[in-house]
Amino acid sequence: MSKIATIIKPFLPILAAIYGLALIYITALPLADGEGSLANEAVGWILTLAAILLTVFVVIPIERKVYPESRQFSLKPPTLTVAAGLLLIAPLWLVTQEAIVYGLTSLFHSVQTETLTYSSDELREDMLSSVHAVFLAPVLEELCYRQLAISPFRRRKSQIIVCVIMAVLFGILHVRNFMGASIAALLFGIVYIWSRNIWYAVLLHAGSNLTATLFAVYCCLGFGEIQTCKSPVIFLPDMKVFIASLLLAIIGVVALKASRRPSQ
């Protein structure tokens, strides 16, 4: 490792956060006027895809050459069984995360909630934005806030410290959803360190965003009620959603265990 790379290494988490923030800002520019039209969304998708490709280039030819330690983390996509298991576990995680945020917030002040409502137009806009939130944003954000920041550090202790730092920075990026985003990012980072594979974090992230989108569909179609708070951002689903999430998580755990069985 060169002397410059050694000097820069302690500052990599901050540099990765700044890099990620810059890319996220650029990809959000098409929607800066508040219009969620298909054309604006499509431009945002293209910009985000370009940002992902740029970041992959930074990770593979550059980071892995400058910091050989980063090769301990795999970029290989998991099997379909593992991917399905992680996506099925994500809803229960999101429900649990929201309950944690609600509980912690309630310790300091009362939380005023109201029933979440969606009109057909609002649901259409939400469906458009969900393409970015589910398929693109998790890849870009995990590459920036987990892969670039954590992988250059060899020791597990250092990785955990960076994971916590990036969770806080990720929370700051989400402003009103600071607590929820920080807790989620902490989980994604721990999963990344444990699995040694960025795709595990990406899939959990995508599954959480997909679940949030399905909350809107759930309410709009009148299947049940979800209580929400705008500051901090909290979604409290009814018992039907909790039971469904628990059942899906059980299936997901079974799928993950099945994927680890040696082939006969």
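Is Ile160 buried, partly exposed or exposed? Ile160 is partly exposed, because its relative accessible area is 35%, where buried means under 20%, exposed over 50% and partly exposed in between (1.4 Å probe, protein chains only).

## Basis of the report

The structure is a predicted model, in which local features need pLDDT of at least 70 and side-chain atom pairs count only at pLDDT 80 or more, while totals for chains, interfaces and linings use all residues. Residues are numbered from 1 along each chain as its sequence is written, and side-chain values use heavy atoms, with hydrogens and water left out.

## Overall architecture

The protein chain contains 9 helices and 3 strands; helices (H or I, at least four residues) and strands (E, at least two) are DSSP runs, numbered from the N terminus. Their order from the N terminus is α-α-α-α-β-α-α-α-α-β-β-α.

The C-alpha trace spans about 60 × 55 × 40 Å along its principal axes. Of the 264 residues, 44% count as buried. Among contacts (heavy atoms within 4.5 Å) between residues at least 6 apart in sequence, 75% join residues at least 24 apart.

## Nonpolar cores

A nonpolar core is a set of buried Ala, Val, Leu, Ile, Met, Phe, Trp, Tyr and Cys residues joined through side-chain atoms within 4.5 Å. The largest one holds 46 residues, of which Leu86, Ile150 and Met166 touch the most other members. Helices giving two or more residues to this core include H2 (12-28), H3 (38-66), H4 (80-106) and H5 (120-150). The largest contribution, 9 residues, comes from H5.

Beyond its neighbours within four places in sequence, Ile150 contacts Phe73, Gln159, Val162, Cys163, Tyr192 and Ile193. A second, separate core has 8 residues, among them Leu94, Leu116, Cys219 and Val241.

H6 and H7 are the elements that give two or more residues to the patch, and H6 supplies the largest share, 4 residues.

## Val56

Val56 lies in helix H3 and counts as partly exposed, at 32% relative accessibility. Leaving out residues up to four places away in sequence, Val56 touches Pro61 and Leu143. Val56 and Gly20 are 36 residues apart in sequence, and their C-alpha atoms are 13 Å apart in space.
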